[in-house]
Amino acid sequence: MPHPLTASALPLPLVRRGKVREVYEVDNATLLLVASDRVSAFDVVLPNPIPRKGAVLTQISAYWFRELAAVVPSHFLTADADEIVARVPRLADHRADLVGRAMLCRRTTPLPIEWVIRGYLSGSAWAEYRQHGTLAGEPLPTGLVESAKLDPPVFSPATKADVGHDENITFARTRELVGADVADRLRAASLAVYAAGRDRAAERGLIIADTKFEFGRAADDALLLIDEVLTPDSSRFWPADRYAPGRGQPSFDKQPLRDYLAGLKASGQWDGNDPGPDLPPEVVHATSDRYVDAYRRITGRELSA
Ligand SMILES: Nc1ncnc2c1ncn2[C@@H]1O[C@H](COP(=O)(O)OP(=O)(O)O)[C@@H](O)[C@H]1O
Ligand SMILES: [Mg+2]
């Protein structure tokens, strides 16, 4: 098993350090995305890495990019450490930091939109519906309960904020921001990717309640699906056999972590702000097990890295 990694430090120019991943420049047309084992909950990054989490995220994305290649073109090149080293010889001495967690991608200019698809009414969508009876500004049928199935699924875009929280916007606003033609095409592509992923996950007893996609424009003008795809960090996965509308559903992967942190908050031992508290080993291990289980349930395979 690879060592847990809080942050990678590779001999390539760092383009961006996100909440979870480092983005490195390989050349004008190519990026290396490295998923660390950092975990965030309640918008705070916790101090302890979760073993294997980075590999789970990268390998689930790699699985979907391959599975969905016929549905939508993507930035995915390879997530195999040996292939990455063969293409980027400078990384030869850093193979251990790549295994499982690194993905070589086509470089794009990301569009400033989060392409969110909701198949169930949860989270901020449930909050909007309860308050206004709408989702992404459009009316929904009355009488829907929390976690109700939305049929057909609903496109509910948000702006990608560099700092602070993403802001939910309407489809009309999306068309203004990226152009009507691009908005229409990527809305359709997002719905198609969601539907294909949802059907595949259903065969394995998993509900994909909602998910967020990102798209970018490559140098040749192609619009590509980028970032991560249908992972536990970009989606809500619910075990189908425990689904019951009318209440919130248990989160598939971060539940042990959320329960622990909620307990600290309730007893006044943590105020909910940065820095987050040290996690006890049993919480770290339980969370790691959940992520590895998510990989197994989604792909039907054992995580090798
Ligand atoms: N092919 C790509 N081209 C350009 N940028 C990309 C590509 N794929 C992913 N990204 C960007 O890389 C970053 C991934 O790091 P992440 O930890 O997810 O950051 P964040 O905290 O913004 O979610 C995101 O900002 C995403 O937009
Ligand atoms: Mg991200």
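These legends describe close-up views of a predicted model. Residues are numbered from 1 along each chain as written, with chains lettered from A and ligands numbered from 1 in written order. Local features need pLDDT of at least 70 and side-chain atom pairs pLDDT 80 or more, while totals for chains, interfaces and linings use all residues; side-chain values use heavy atoms, without hydrogens and water.

**View 1. Surroundings of ligand 1.** Ligand 1 is surrounded by 16 residues (a heavy atom within 4 Å). The closest are R16, R21, H75, R106 and E214. H75 places a polar side-chain atom 2.8 Å from a nitrogen atom of the ligand. A polar backbone atom of K19 is 2.9 Å from an oxygen atom of ligand 1. For K160, an N or O atom of the side chain lies 3.4 Å from a ligand oxygen atom.

**View 2. Helix α1 against helix α8.** Helices here are DSSP runs of H or I with at least four residues, numbered from the N terminus. Helix α1 covers residues 53-67, and its axis is 9 Å from that of α8, at an angle of about 15°. Axes are lines fitted to C-alpha atoms over the stretch in contact, and angles between N-to-C directions run from 0 to 180 degrees. The two helices are therefore roughly parallel (an angle under 35 degrees). Their crossing is left-handed (the near helix is turned anticlockwise from the far one by less than a right angle). On the α1 side, K53, V56, L57, Q59, I60, Y63 and W64 take part, and they meet Y291, V292, A294, Y295, I298 and T299 of α8 (contact means heavy atoms within 4.5 Å). By class, this contact has ten nonpolar, two polar and one charged residues. Nonpolar means Ala, Val, Leu, Ile, Met, Phe, Trp, Tyr, Cys and Pro; charged means Asp, Glu, Lys and Arg; the others, Gly among them, are polar.

**View 3. Helix α7 against helix α8.** The axes of α7 (residues 255-266) and α8 (residues 281-299) come within 8 Å and cross at roughly 150°. This makes the pair roughly antiparallel (over 145 degrees). Q255, P256, L257 and Y260 of α7 meet V283, A286, T287 and R290 of α8. The contact comprises five nonpolar, two polar and one charged residues.

**View 4. Helix α5 against helix α6.** Helix α5 spans residues 171-178 and helix α6 residues 180-202; their axes come within 6 Å and cross at roughly 125°. The crossing is right-handed (clockwise). F171, T174, R175 and V178 of α5 make the contact with A180, V182, A183, D184 and R187 of α6.

Terms used:
A polar contact is a pair of N or O atoms within 3.5 Å; within protein, one must be able to donate a hydrogen and the other to accept it, and residues adjacent in sequence count only if both atoms are side-chain atoms. Angles under 35 degrees count as roughly parallel, over 145 as roughly antiparallel, 65 to 115 as roughly perpendicular and the rest as oblique.
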